[in-house]
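Please walk through this protein chain with the sequence and the 3D view side by side.

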Amino acid sequence: MKLIDVIKDLDIIHFIGDKTKEIHGIAYDSRKVDQDFIFVCIEGLKTDGHQYIPQAIEKGAAVIVVEKDVEVDPETIVIKVKNGRKALSKLGANFYGNPSNDMRIIGVTGTNGKTTTTHLIKDILEKNHVNSGLIGTLSYKILDKEYTASNTTPESLELHRLFHEMKMNAVDTCTMEVSSHSLELGRVADVAFQIGVFTNLTPDHMDFHGNTESYKRAKTKLFYQTTMANIINVDDTYGKEIAEEIKGLKTQMLTYGVNEQADIYAKNIQTSPKGTEFTLVTPLFSGDVKIKTPGMFSVYNALAAIGVCYVLNFSFDQIKDGLESFYGVSGRFELVPDIGDHTIVVDYAHTPDAIENVLRTIKGFATGRIITVFGCGGDRDKTKRPMMGEIAGNLSDYCVITSDNPRTEEPQSILNDIEIGIKRTNCKYKMILDRKEAIREAIRKSEKSDIVLIAGKGHETYQIIGNTTIDFDDKKIAQEILREEIE
C-alpha cells in the first residue's frame, strides 16, 4: 500500500519525504519493525517511543511518525502529528482497509459486567447462526479461533488487525469490551460502532482519570460514536445522567433497568444458588426467562444483552434460547468443583461495587457464614482499598486480607490500606500476605454450610509480584488445598 493511502485523513503538522513510498507494515514497538514499515512514536506512561527511533530505522523503518522535532537521515520520511496515539489509530484503520466499516461492531462499556455481557451477546448471536467475534478481558475470539488478550481493549493497531482478520473470515458482528482507557487514549477513535452499551459506573481507575466525573466523560465518548443504538442502564445514577445527555442524538436510545422506568425491564425476579428467573418486558414482547447465574448483577447483564438483541430484531424465543443455554464466564461467580462439603466461589470482583454485588448475592442464599479472601492490586487506584475493606467487612462473617497483584508496591502497605476500611466494621479478619496461605486459612475456617468467596483475580492464571509474573490460579489453588485437606 502506498503511503499516501495510509495517511489519508491524518492530521499532519509537517511532512518531509515521498508520499508514493510503498508501505509494508506499521509498528509502535521498535522490536516489531520490519523493512519499509511506519514507526509511530508514542509517549507512554513508562517510556517514550521517540527514544527508539534509531533502532526502528536500523530495522528498516522507512517512515517515522513523531510528536517532537527529530533529526534523522534524509532518506527517512518524517511525519509530525499532534497526537501519536490518534495517528496510530488512523494509520491502522487505513492500512487494514477500515474493516470496522464493513461489520457490525457492538461496544460495551462500564465498570462492571462488560465481560459477561459481551459473552452473553456473542452466545445469543451464535445460537442464532450469526458469525461473530469477541474482543475483551479474557481473550480475543474469531469464530472458533482464540487469542490471549493483552488488554481489555487492544491498542488501535492490533484492534484493526483483528477486525481485518474477522472480515477475512466472514465475521459480520463483533462484540467488544470498551475500556475507559481505550476511549480516553483514542484507541477506538476510528472504530465504526453501531451499538453502544452502558452497564454501570462506580469509582475505579482514579489513578488514571483523577475523579469520577472524568471517568464518566471517558465512558460517555462511546455513545457519540454509534450509528444504530445506545443501550443505557438507567438504574445507575451515572447511566441516568448519560441517558439525559445523549437523548437528543440522532442515534436511537433504549434504556434498561429494574427499579427505574425503562424501555426494557425485569420483574418478578427470583434468585437462588442455581440461577435466576424473571419476567422480561420490552416494548414488543414479554415472557419468562431463566438464567444459570444467580444475583441481581446477572439480571442487569442479561438485560444489557437483551437490549442489543432486541435492537437487532431478534424474537423473544431467539433471545430466550440464547440466554438459557449460557453457562457463565470463567472466573465470574464460578463454583470450584465440589470436593467434600466445601462451597467455594471464585470471582473477578476487584472494585467496591463488584465485591458488594457478589457478596450481596451470596448473602441472599447463604445458610452459614460468608468467609471472604481478597486483596487489591498494586500500582493502581489506592482510594478504593479502604472502601473494599469496609464493604467486605460489613457483608462477611470473616475476612482474610491478602495480596492480589502487588506489582512494584510494598504488599504489606496495600493490606494496611484495606485494613483501614475493615476496622470500621465488626468483622473478624486476618492479614496473610501469601495468597495461597490466605486461601488455605479461609478453607480451613469454613464448615459445611459456609461459603468461601475468593475475590479479585477470577480468570487470571498469574500473580504479578515486583516485575515478576508467576503462575497462580485461584481455582486450581483452592482445588489443590481441598485435595490436601481430604488426604
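The model is predicted, and its side-chain atom pairs count only at pLDDT 80 or more.

Charged side chains come first. Side chains of opposite charge can pair when their charged atoms come close. In this structure the count comes to 33 salt bridges. One of them joins Glu43 to Lys68, with 3.8 Å between the closest N and O atoms. This pair links distant parts of the chain: Glu43 sits in the loop between β3 (37-40) and α2 (53-58), Lys68 in the loop between β4 (61-66) and β5 (77-81), and 25 residues separate them. Glu43 has a relative accessibility of 40% and therefore counts as partly exposed. Lys68 is partly exposed too, its relative accessible area being 34%.

Another salt bridge is formed by Asp69 and Lys80, whose closest N and O atoms are 2.9 Å apart. Asp69 belongs to the loop between β4 and β5, while Lys80 is in strand β5, so the pair ties together parts that are 11 residues apart in sequence. Asp69 has a relative accessible area of 66%; because the cut-off for exposed is over 50%, Asp69 is exposed.

Arg161 counts as partly exposed, at 36% relative accessibility. Elsewhere, salt bridges link four residues in a network: Lys382, Arg385, Glu409 and Asp417.

The aromatic rings are next. How many aromatic pairs does a search of the whole structure find? It finds six. One of these is the tilted pair of Phe297 and Phe333, with 6.2 Å from centre to centre and 45 degrees between the planes. Phe297 is in helix α10 (residues 296-311) and Phe333 is in the loop between α11 (316-324) and β17 (334-335); the pair thus links distant parts of the chain, 36 residues apart. Is Phe333 buried or exposed? At 10% relative accessibility, Phe333 counts as buried. Phe333 also forms an aromatic pair with Phe365, this one edge-to-face, at 6.4 Å centre to centre and 75 degrees between the planes. Because Phe333 lies in the loop between α11 and β17 and Phe365 in helix α12 (residues 352-365), this pair ties together parts that are 32 residues apart in sequence.

Phe285, Tyr310 and Phe316 are linked into a cluster by ring pairs. Rings also meet charged side chains. Lys292 lies over the face of Tyr327, 4.6 Å from the ring centre. Likewise, the charged end of Lys445 sits over the ring of Tyr398, at 5.0 Å from its centre.

Now consider how helices pack. Two packed helices are described by the angle between their axes and the distance between the axes. For α12 and helix α13 (residues 384-395), the angle is about 5 degrees and the axes are 9 Å apart. Angles under 35 degrees count as roughly parallel, and α12 and α13 are therefore roughly parallel to each other. On the α12 side, the residues in contact are Pro352, Ile355, Glu356, Leu359, Arg360 and Lys363; these meet Lys384, Met387, Met388, Ile391, Ala392 and Leu395 in α13.

Two single residues complete the walk. Cys399 is placed in strand β20 (residues 398-401). Its relative accessible area is 0%, so Cys399 is buried. Leaving aside residues up to four places away in sequence, Cys399 touches Thr372, Phe374, Ala392, Gly393, Ile422, Cys427, Lys428, Tyr429 and Lys430.

Lys448 is found in the loop between α15 (435-445) and β22 (451-455). Lys448 counts as exposed, at 65% relative accessibility. Lys448 and Leu91 are 357 residues apart in sequence, and their C-alpha atoms are 58 Å apart in space.

Note on methods. Residues numbered from 1 in each chain as written. Predicted model: local features only at pLDDT ≥ 70, side-chain atom pairs only at ≥ 80, totals over all residues. Heavy atoms only, no water. Salt bridge = Lys/Arg side-chain N within 4 Å of Asp/Glu carboxyl O. Helix = DSSP H or I, 4+ residues; strand = E, 2+ residues; numbered from the N terminus. Buried < 20%, exposed > 50% of the residue type's maximum accessible area, 1.4 Å probe, protein only. Phe/Tyr/Trp six-rings, centres within 6.5 Å; stacked < 30°, edge-to-face > 60°. Lys NZ or Arg CZ within 6 Å of the ring centre and 35° of its normal. Axes fitted to C-alpha atoms, helices over the stretch in contact; angles between N-to-C directions. Parallel < 35°, antiparallel > 145°, perpendicular 65-115°, else oblique. Contact = heavy atoms within 4.5 Å.
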